[in-house]
Amino acid sequence: MCQTKAMAKNLTTRGEDYSKWYNELVIQADLAENSGVRGCMVIKPYGYAIWEKMQAELDRMFKETGHQNAYFPIFIPKSYFSKEASHVDGFAKECAVVTHYRLKNAEDGSGIIVDPEAKLEEELIVRPTSETIIWDTYRKWIQSYRDLPLLINQWANVVRWEMRTRLFLRTAEFLWQEGHTAHATEAEAIVEAEQMMHVYADFVENYMAVPVIKGTKTESERFAGALETYCIEALMQDGKALQAGTSHFLGQNFAKAFDVKFAAKDGKQDYVWATSWGVSTRLMGALVMTHSDDNGLVLPPKLAPDQVVIVPIYRSDEQFDAVSEAAKEIQKELRAKGLRVKFDNRDTQKPGWKFNQYELQGVPVRIAIGPKDLENGTFEVARRDTLEKEVMAKNEVVDKVVALMDEIQENLYSRAVNHRTEHTTEVSNYDEFKDVLESKGGFISAHWDGTSETEEQIKNETKATIRCIPFGVDKEEGSCMVTGKPSARRVLFAKAY
RNA sequence: CGGGGUGUAGCGUAGCCCGGUUAUCGCGCCACGUUUGGGACGUGGAGGCCGCAGGUUCGAAUCCUGCCACCCCGACCA
């Protein structure tokens, strides 16, 4: 194997400016671009193809765990919103509101204006999330324990009027799925919320090759209206954390607000127990920021729209025909193994240009075929994750490339795990905490006294927040690094996206 | 939403302070030819309401006002 030269792309490097690198990469890899509408992005075909892959796997996982898809309106009457107090508090500041339903020509001929005559009796909120409209609907669907559990998911767009936006990471409108379930018992709802956190972790680790920490949120980081928020947290290459998915145990808050009761077996009426859970196009940002390098995007084979690209090299038409024949043959054989294989036979771009383009777009494996290969019975196979090239004998290419898919998928995951391990630090006092935060960032495991006040103080002084109270770690008696008060366990801090 | 910055051809830019011929350069685009194993080269060509709307002026990319979008820093957030 030999290493390919690091090609100079018109891309800012991660070392120079991580955030600039991200912005440029998303655009140059043709994933998305800004639109004429403030804070709203256009997801381009290549980016959308990756999102569709994510959707397909998640949708399958949701259905395997008994959920069904449905669709609820994008508009929510304002009165619904005010029914659950903490929910309003959480979202009120970032809601788009529809106030009118008609336009007309201005009388002075200056153009189209909103018709002041056409004011809505009740204003409509463009959904920032759908709990209220869904629970208003569930009231009609649920009468008996026989109607439970109700396990519904919807794929939708939502709008949160964000002041500062970044492609995929935070946009005013974004795509997501939101699951909303209703259960007869508290225990069952908690099991559901935990289950969905595990489903998310499974997807993110095994398909996106992004390792995550599972845990719960502190009270101040909890979803507006939830009793408990379960989350998965990932660490990006710049040492900042990114919340990749959340699952909420909502208790009976929404059932009470929307009067959703059911008759139990003993005939008594009780409020149902709720969960909601979601992941969004933000996952695209996590995918980019976890694996990609200074040469461009790096995609895990399981989510890459094209897993293999074949680039022909030729001078004459005769050579092109001969090379094409070999290319189509190998494409057919790889497709028979279930791989997504593109043969780029465009004559309008040169091989070197194509190499760079597919590197920028993160295609996991590239196969080049030229006259020399036809002569020698070989192919040149290059992998994107390590940038290694290897000349392979024709008869071993298919098996090797098929094996490469798993190898690359695993390599990306273990690379990310290593990075996270190296950037997870246990500290014993506040000075050390600030030191580590400043010098290398990443997750910092520390003792905390469990109060919102201390959490707030740390946030104000260092910009780090408690990402989660992690699951599956042994309890360890200690004292809070700030106040010295007793602490039963360590929690994970980080600066976050 | 507060502070700072930017907006000139598809992209990146010069010109702007100090107003005055036909708005600069590179990449990309089109045609033709030579090329094709890591973003080829030559020759010729097309492409601009200088972000938008007002204003000042004999004259505005340039000065003034308002608006819109984007970027960076804060507060907020999936």
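This is a predicted model: local features need pLDDT of at least 70, side-chain atom pairs count only at pLDDT 80 or more; totals for chains, interfaces and linings use all residues.
Local features need pLDDT of at least 70, side-chain atom pairs count only at pLDDT 80 or more, and totals for chains, interfaces and linings use all residues. Residues are numbered from 1 along each chain as its sequence is written, while chains are lettered from A and ligands numbered from 1 in the order in which they are written.

**Helix 13**

Helix 13 spans residues 430-439. Helices (H or I, at least four residues) and strands (E, at least two) are DSSP runs, numbered from the N terminus. Phe433, Val436 and Leu437 of helix 13 are buried. Down the helix axis, the buried residues fall within an arc of 100°, so they line one face of helix 13. The arc is taken from the directions from the helix axis to the C-beta atoms. An α-helix has 3.6 residues a turn, so residues three or four places apart point the same way. On the other side of helix 13, Asp431, Glu438 and Ser439 are exposed. Buried means 20 or more other C-beta atoms within 10 Å of the residue's own, exposed means 12 or fewer, and partly exposed lies in between; C-beta atoms are placed from the backbone.

| Element | Residues |
|---|---|
| Strand 23 | 424-426 |
| Strand 24 | 443-447 |
| Helix 14 | 452-462 |

Glycine 441 follows helix 13, with a positive phi near 65°.

Three strands form an open antiparallel sheet, ordered 5-9-6. Strand 5 (75-77) and strand 6 (97-100) are the edges, each pairing on one side only. Pairing requires at least two DSSP bridges between two strands. Strand 5 and strand 9 (residues 119-126) share three bridges. Proline 77 stands opposite leucine 124 in strand 9.

Conventions
Two residues are in contact if their C-beta atoms, placed from the backbone, lie within 7 Å.
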